[in-house]
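Subject: Structure for your files

Hello,

The structure is placed below, and my notes on it follow. Please read them with the structure open.

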Amino acid sequence: MSLYAEAPFVPTDLAQAGEQEQLGHWTAAARLYSRAFRSATLDGRVEEAADALRGQARVLIREERYEEAEELATLSLEIAQRAGARQSAARAVNVLGIIRHSQRDWATSRDLFRRAVELALDLGDDELVGLACQNAGVIAYGLGDLREARAAYLESIGSFVRSGSSENALHAYNNLGIASADLREWLEADVYFSRGIEIAERLSHTPLLAKLYGNRAEPLIEIGDLEAAEATIEGAERAAAAVNDRVALGVALRWRAKLARLRGDFARAEEHVERALAVSTDPTLERAEILLELGDLRAHQGRTDAAEAAYLLSRELSHSLNADGQVRELDARIWELHHQAA
Amino acid sequence: MDLRDALLRIYESSGPGTAVRSLGVVLSECAGVGHTVWLAPDGAVAAVWPGGEPLPPEVAQAAARAEHPGVRPLDGDTGGETLVLPLAEDDGALVLVGAAGTFGDPAHWDPLGAAFARVAAQHRAYAQVEEERDLLRQRAEESEALHVLGLAANRTLDPDEVLTLVARFTRTLLGAHYVTVNTLAEGSIRTVAAVGLRAQAPADDPFAARVAAARKPLTLQGDGGGGAVPEPYHTAEGMRVGLGVPLALFGETFGALVIGYRRPYDLAPRDTRLALTLAGHAAVAISNARLHGALAERTHELERANEELRWTTEAKDRFFASMSHELRTPLNSVLGYQSLLLEGVVGQIEPQARSFLERAQRSTRNLLHLVNDVLDLSKIEAGKLELVNAPMRMRAIVEESLATIEPLAAARQIAVEIEPWPPLPAVHTDADRVRQILINLLSNAVKFTDHGRVTLSAAIVGDGHAAGAAADGAHGWVEVHVADTGPGIAPENQERIFHEFEQIVGATARGGTGLGLPISRKLARLLGGDLTVRSELGHGSVFTLRLPVRNDEPVR
């Protein structure tokens, strides 16, 4: 313990850029990273320059400018390696992995994340180990290997606990819950989402809180605890409204629709699903899931043709998003419709 | 200068750093103090207002080591001076820099030093609380993470999957490069799961074996802190620091969990604690897998034994059915010829020959009964006895059965009587089988009664109309009681008599195969009812045949 931990903090461009990135203010973040790179280069702070380049690359990924992002990340890696800045280099490798993942180059991406883990372990950079493991989990999940995804997310939780990075652990618990829900391990999924909610509330991380509350609805509905499901949906709506997250609001409304349908209140279910579609207009996986719920509702109403139409819309959207698991589920629903009709 | 304002600023500050800033602002405005500096014990500037490096290093070091407050000249040329206010040993010193004559009597500034020391102490206490809170939070996070691992590990019985999961989680939670899970089997140790290895898993890891033998955590350290560890396999893996913990459960050691670092690393008690917990998870997985394997093997054995038993039972049934049938045909033939001979079809026979022939005929009939009983039993046990159920009157069956048994009763001079008969609902059952049961009961009663009589009575139980009194759509019972005044049956024998080929002492002398009652009970149960006995030695026996009736059957 030392008194000197309280040294006054002067925010640098790099730190401010990071804050803006966290808030999703990409333009401001890009500008600050660019300024940080210039000043770091002029002052000869090589590691900081590499970090600034890596930050710029991350922003470019968000803007789906992958080639430029790759150029900057590669340059960042190059500079860091030449300067002997191993940590910076390891983080650049991780960012390169994210770029490859965004470009759907799974094999290279996975190799880069593995390399990042090894480099990070050499450095004792537990946070980076966790980030790279989590990224590897995302790849496994995307490829439909849910058990591998679950193992990788667990690894990332181990690292985040070790490094004390609660915010990253929060994402890992959410991902773990999603993978477990897909494995239909409902009790476990509920535990993971609950754990995420605890951390999100402690950190006042409202954006993720909205998602976690919404995600928790599914296991609770499957377990049959409809009252708790209703409560978590309310939580999701509150948090989504606070941060104006239309996607999370759409998810919450989707679960409301399902709850109403399960209770046999088709009129209310119809109302919720229409609202969900109205707020979740972007071509996202969440919208595809709302369309799936619409299909389920129509199927329960005995409107087979309308159900199939909704499933097909959902399938088309899921396919465009490379959500193979979702496509398989929709194919099964459509087959079942035909089978029942026959 | 009135120090009250400066003291107020110090007390309002959140810690030494902000106190320096607040104090510096006040003193620069009111007291002409150029710089307010907080020095660490080594003379390094921890905080300064308004910034810069106002003290030469040697002056700063001397000031930080000062034991008493004092004013010292700063620099001969400028004429500036410093006021040094020592704080607690770990907190360094507060130094004010001003022009010559700024500070006057050092004692005047004592409250300032005291206040600053107090803020530093408060901050230290606060930091300690923060540190403890962070430690508790980290412990809680670790517990939660271990709980989460347990949940995931419990999802599978595949030991490879669980152990690999444990190894992977151990690697990240302990920040290690590689982890191996090693189990003991037949005196040697082998690696059953690993993550992060560069080469093949070792065939036999002596370090893991030592940990398992020691049954306690052991560490491996490279020489000089950064060199290779003295274990060839782990040296090849690049281990600088290693930790091994035993895998143990319920006092049994299964093997060892080995954790390897390829960088210099200070193992902390936390690492050992977590490793032991994780080893516990691995031990549970191994134990579960072993139990599951043993259980699966046992289940397989039982299934095999069951299959053999089933085959044997079927073979026995087939044998009895076949043999009974094959025996019956010649026996009927023998009986037929005996009857012809006794009837004198081939001429008169001598009295002695007739006597022998009658004995032969009785024995043949007994043998035929036995064969018929065995055939019935084998059919019942094979589930091949077909029932022909129809509504029937119990009184009629009782009378028919009585008529069959009357010659025997007359020969033994035993009265067989029917007690006043209550109105009974029609019974939907197989009349032939009920008759078979009653004849068996009556013939037993007559055979075992030397004096007295045999009585038949009937009753409705559950009124025959009480809903729920019987299963399978039946709503009550009809009971027929066959009571005798025979020797009675001892309590310990009352169940035995219903077992195949079991006859109580003395019963064989009265004839019979020992199959009549077992068959009767099985038939009664096949008909949805039961056959029971109440008896007391010396006071006769009462056999009760109970059959189900429905409340919609008409009463007759």
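Two strands are taken to pair if DSSP finds at least two bridges between them. Helices (H or I, at least four residues) and strands (E, at least two) are DSSP runs, numbered from the N terminus.

This is a predicted model, in which local features need pLDDT of at least 70 and side-chain atom pairs count only at pLDDT 80 or more, while totals for chains, interfaces and linings use all residues. Residues are numbered from 1 along each chain as its sequence is written, and chains are lettered from A and ligands numbered from 1 in the order in which they are written.

The sheet in chain B

Chain B has an open sheet of five strands with antiparallel pairing, in the order β7-β6-β10-β9-β8. β7 (188-195) and β8 (218-221) of chain B are at the edges with a single partner strand each, so one side of each has no neighbour in the sheet. On average, neighbouring strands of this sheet are turned by 20 degrees against each other, direction ignored. Axes here are lines fitted to C-alpha atoms, for helices over the stretch in contact, and angles run from 0 to 180 degrees between N-to-C directions.

β6 (178-185) of chain B pairs with β7(B) in the antiparallel sense over seven bridges. Within β7(B), Thr191(B) stands opposite Asn182(B).

Helix α5 (159-173) of chain B packs on the sheet and touches β6, β7 and β10 (252-261) of chain B; its direction makes about 65 degrees with that of β7(B). Contact between two residues means that their C-beta atoms, placed from the backbone, lie within 7 Å. Helix α6 (206-214) of chain B also packs on the sheet, touching β6, β7, β8, β9 (241-249) and β10 of chain B, with its direction at about 135 degrees to that of β10(B).

A helix pair in chain A

The axes of α14 (266-279) and α15 (285-300) of chain A come within 10 Å and cross at roughly 160 degrees. α14(A) is therefore roughly antiparallel to α15(A) (the term covers angles over 145 degrees). Residues making the contact include Phe266(A) and Val273(A) of α14(A) and Ile290(A) and Leu297(A) of α15(A).

Where the chains meet

In the contact between the chains, 32 residues of chain B meet 28 residues of chain A. On the chain B side, α2 (16-30), β2 (45-49), α4 (110-153) and α5 each supply at least two residues. The largest share of that side, 15 residues, comes from α4(B).

Regards

How values were computed. Angles under 35 degrees count as roughly parallel, over 145 as roughly antiparallel, 65 to 115 as roughly perpendicular and the rest as oblique.
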